[in-house]
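Please open the model in a viewer and keep the sequence at hand.

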Amino acid sequence: MRIATWNVNSIRSRIDRVEAWLQRTDVDVLAIQETKATDAQFPFDRLRALGYEVAHHGLNHWNGVAIVSRVGIDDVEASFPGAPGWGEPEVVEARALTAVCGGVRVASVYVPNGRGIGDPHMAYKLDWLAHLQAHARGWVERGDAAALMGDWNIAPQDEDVWSMEYYLDKSHVSPPERAAFQSFLDAGFVDVVRPHTPGPGTYTYWDYTQLSFQKRRGMRIDFVLGTPAFADRVVGAAIDREERKGKGASDHAPVVVELED
């Protein structure tokens with residue numbers, strides 16, 4: 001089974017590329033982040049026409065997560081128990097969606113951007129991650145084949161950014177954020193992609209500005225963290241850097257994992 005994760009940065013703007021990519025890569029399950037669409041705006045019909053079942057969780061033109069699968073999609077759950085909210089009034093944002101696809105529990109996660117050191121959104125980000133870890137570690141304890149897939153907005157190692165000097169006073173690389181990411185590994189989750197795509201210089205995101213992609217000024221912030229039962233089935237993984245090229249590309253590249261039966 002081939003599963004993938006991709007922050008598409010607006011499904012309505014990127015649906016042509018998503019369709020073409022699914023047909024070209026023969027992916028069975030795709031976790032999508034930052035759909036920037038309500039359910040009424042999401043292009044269900046176009047993905048169903050390709051043979052995929054679709055689940056989407058979107059509340060407005062911000063955030064939004066989806067899972068598309070051609071190997072079944074069951075036990076769909078929007079968000080997760082205890083998820084903290086944001087704003088006044090506080091709202092639980094559309095940042096997580098879980099479903100069982102082909103016997104594998106897949107969670108599409110779009111972790112909040114901390115915005116900056118000391119920003120209230122950073123505290124929200126860390127709280128959100130703590131509650132997600134408290135929920136997801138149960139999958140490890142039960143021996144589930146499960147994966148947290150998505151845009152983590154964290155570069156957990158120095159080699160995951162093009163310049164630590166540039167990012168040193170910015171979000172994504174701060175010790176609290178990296179500790180939050182590490183807490184998932186400490187709970188038993190495995191970064192299943194890194195062994196197949198070693199760094200340095202291996203990124204999944206490049207900003208649109210200042211020719212970042214052309215200058216190879218990227219970040220590695222999109223990950224697939226699997227339970228041991230999931231990790232034992234991984235036989236390969238890749239970052240599709242080519243999909244970041246050309247007109248209308250997302251600023252993120254898809255990350256693909258190959259599972260044996």
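Which strands does helix α3 (residues 120-142) lie across? Select α3: the helix lies across β5, β6, β7 and β8, and runs at about 175 degrees to β7. Axes here are lines fitted to C-alpha atoms, for helices over the stretch in contact, and angles run from 0 to 180 degrees between N-to-C directions. Helices (H or I, at least four residues) and strands (E, at least two) are DSSP runs, numbered from the N terminus.

This is a predicted model, in which local features need pLDDT of at least 70 and side-chain atom pairs count only at pLDDT 80 or more, while totals for chains, interfaces and linings use all residues. Residues are numbered from 1 along each chain as its sequence is written, and side-chain values use heavy atoms, with hydrogens and water left out.

Next, select the open sheet of 6 strands ordered β5-β6-β7-β8-β12-β9, in which the pairing is mixed; two strands pair if DSSP finds at least two bridges between them. At its edges stand β5 (74-78) and β9 (190-191); each has a single partner strand, so one side of each is left without a neighbour in the sheet. Within the sheet, β7 and β8 run parallel and are joined by 6 bridges. Val109 is found opposite Gly150 in β8.

Strands β13 and β14 pair in the antiparallel sense over 5 bridges, and Val234 stands opposite Leu259 in β14.

**The nonpolar cores**

Finally, display the largest nonpolar core, which has 31 residues. Such a core is a set of buried (under 20% relative accessible area, 1.4 Å probe, protein chains only) Ala, Val, Leu, Ile, Met, Phe, Trp, Tyr and Cys residues joined through side-chain atoms within 4.5 Å. Val192 is among the residues with the most contacts inside this core. Leaving aside neighbours within four places in sequence, Val192 is in contact (heavy atoms within 4.5 Å) with residues including Val224, Phe230 and Val257. A second, separate core of 23 residues includes Val111, Trp128, Leu129 and Trp152.

Terms used. Buried < 20%, exposed > 50% of the residue type's maximum accessible area, 1.4 Å probe, protein only.
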